Amino acid sequence: MIGNVVSRRYAKALFAVGAAKGEAEQAKYGEQLAAIRASIEGSPEAVAFFKNPAFSAEEKKAVVTQLVEKMSLEPMVKNFCDLLADRGRVEMLPAIAADYKAMMDAVSGVVTGELVTVSELNEERKSAIQAQLEKQAGKKLELSFSTDESILGGIVLKVGDRVMDASLKAQLQILKENIKRGE
């Protein structure tokens with residue numbers, strides 16, 4: 001919980017700096033944070049290293065500096081990463097990047113969601129579903145697709161903080177509750 005508040009504050013600070021410099025810079029910062037996040041999360045060793053309190057802030061800063069230099073990032077993003085390293089918050093970089101992306105999506109009117117089905121959908125079906133949901137929402141939708149055999153059938157749609165559970169598992173649970181109540 002505290003991590004969420006802290007990561008949101010850092011993301012909001014960089015977001016405000018980007019907004020002051022213009023929409024293009026703001027978007028560039030977001031892309032570069034996403035690249036850093038992908039490189040850190042792509043390596044389980046890096047995640048473990050940054051979360052390990054046995055390593056000093058200086059050691060973590062050295063690793064972040066090497067990572068940033070290899071990626072040739074904007075000076076503002078480099079300084080931001082240095083600040084996080086100085087404050088002992090490097091392990092929060094992925095969360096900060098996620099919060100920054102959420103802020104960018106909110107400004108641009110993009111909504112993220114997830115559609116869970118029992119079996120994998122083909123690309124044609126995925127694009128048709130996404131187009132229909134975008135039409136209904138009236139916004140651009142970034143939809144990820146996943147499978148979960150435990151839902152037995154139907155779909156579970158998560159968009160923002162809303163969940164529409166039209167799965168067979170949920171319907172059976174409702175039926176079970178109704179039988180228990182004698183309805």
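Leu141 is found in strand S2 of this predicted model. At 4% relative accessibility, Leu141 falls under the 20% limit and is therefore classed as buried. Its contacts, leaving aside residues up to four places away in sequence, are Val111, Thr112, Gly113, Gln130, Leu133, Glu134 and Val159. Leu141 also lies 9.7 Å from Asp105, C-alpha to C-alpha, across a sequence separation of 36 residues.

The domain assignment divides the chain into domain 1, residues 2-106, and domain 2, residues 110-181. The centres of domain 1 and domain 2, taken over C-alpha atoms, are separated by 32 Å.

Strand S3, residues 154-159, contains Ile155. With a relative accessible area of 28%, Ile155 is partly exposed. Residues touched by Ile155, again not counting those up to four places away in sequence, are Leu115, Val116 and Thr117 together with Met164, Asp165, Ala166 and Ser167. The C-alpha atoms of Ile155 and Val116 are 5.6 Å apart, although 39 residues separate Ile155 and Val116 in sequence. The loop between strand S2 (140-147) and S3 holds Leu152. Leu152 has a phi near 70°, a positive value in a residue other than glycine.

A positive phi is also found at Ser72, where the angle is near 45° in a residue other than glycine. Ser72 is placed in the loop between helix H4 (57-71) and H5. The relative accessible area of Ser72 is 58%, and Ser72 is exposed.

Over the whole structure, the search finds four aromatic pairs. One of these joins Tyr10 and Phe80 in an edge-to-face arrangement, with 6.3 Å from centre to centre and 75° between the planes. Tyr10 belongs to helix H1 (residues 2-21) and Phe80 to helix H5 (residues 75-86), so that the pair links distant parts of the chain, 70 residues apart. Tyr10 and Phe80 are both buried. In the pair of Phe15 and Tyr100, the ring centres are 5.5 Å apart and the planes meet at 70°; because this angle is over 60°, the pair is edge-to-face. Phe15, in helix H1, and Tyr100, in helix H6 (residues 93-108), are 85 residues apart, and their pair links distant parts of the chain. Phe15 is buried at a relative accessible area of 14%, and Tyr100 counts as buried at 0% relative accessibility. An aromatic cluster is formed by Phe49, Phe50 and Phe55.

Phe50 is also among the residues touched by Val64, together with Cys81 and Val90, when residues up to four places away in sequence are not counted. Val64 is located in helix H4 and counts as buried, its relative accessibility being 1%. Between Val64 and Leu84 the C-alpha distance is 9.5 Å, with a separation of 20 residues in sequence.

Tyr100 also takes part in the packing of helix H6 against helix H2, as one of the H6 residues that meet H2. Helix H2 (residues 23-41) and H6 pack at an angle of about 145°, and their axes are 9 Å apart. The crossing of these two helices, H2 and H6, is left-handed. On the H2 side, the contact involves Gln26, Ala27, Tyr29, Gly30, Leu33, Ala34, Ile36, Arg37, Ile40 and Glu41. On the H6 side, the residues are Leu93, Pro94, Ala97, Ala98, Tyr100 and Met104. By residue class, the contact of H2 with H6 comprises 12 nonpolar residues, two polar and two charged.

Helix H2 also includes Gln32. The relative accessible area of Gln32 is 11%, and because this is under 20%, Gln32 is buried. Gln32 touches Leu73, Glu74 and Val77, with residues up to four places away in sequence not counted.

Notes:
Residues numbered from 1 in each chain as written. Predicted model: local features only at pLDDT ≥ 70, side-chain atom pairs only at ≥ 80, totals over all residues. Heavy atoms only, no water. Phe/Tyr/Trp six-rings, centres within 6.5 Å; stacked < 30°, edge-to-face > 60°. Helix = DSSP H or I, 4+ residues; strand = E, 2+ residues; numbered from the N terminus. Buried < 20%, exposed > 50% of the residue type's maximum accessible area, 1.4 Å probe, protein only. Domains from an automatic or database assignment. Axes fitted to C-alpha atoms, helices over the stretch in contact; angles between N-to-C directions. Left-handed = near helix turned anticlockwise from the far one by under 90°. Contact = heavy atoms within 4.5 Å. Nonpolar A, V, L, I, M, F, W, Y, C, P; charged D, E, K, R; others polar.
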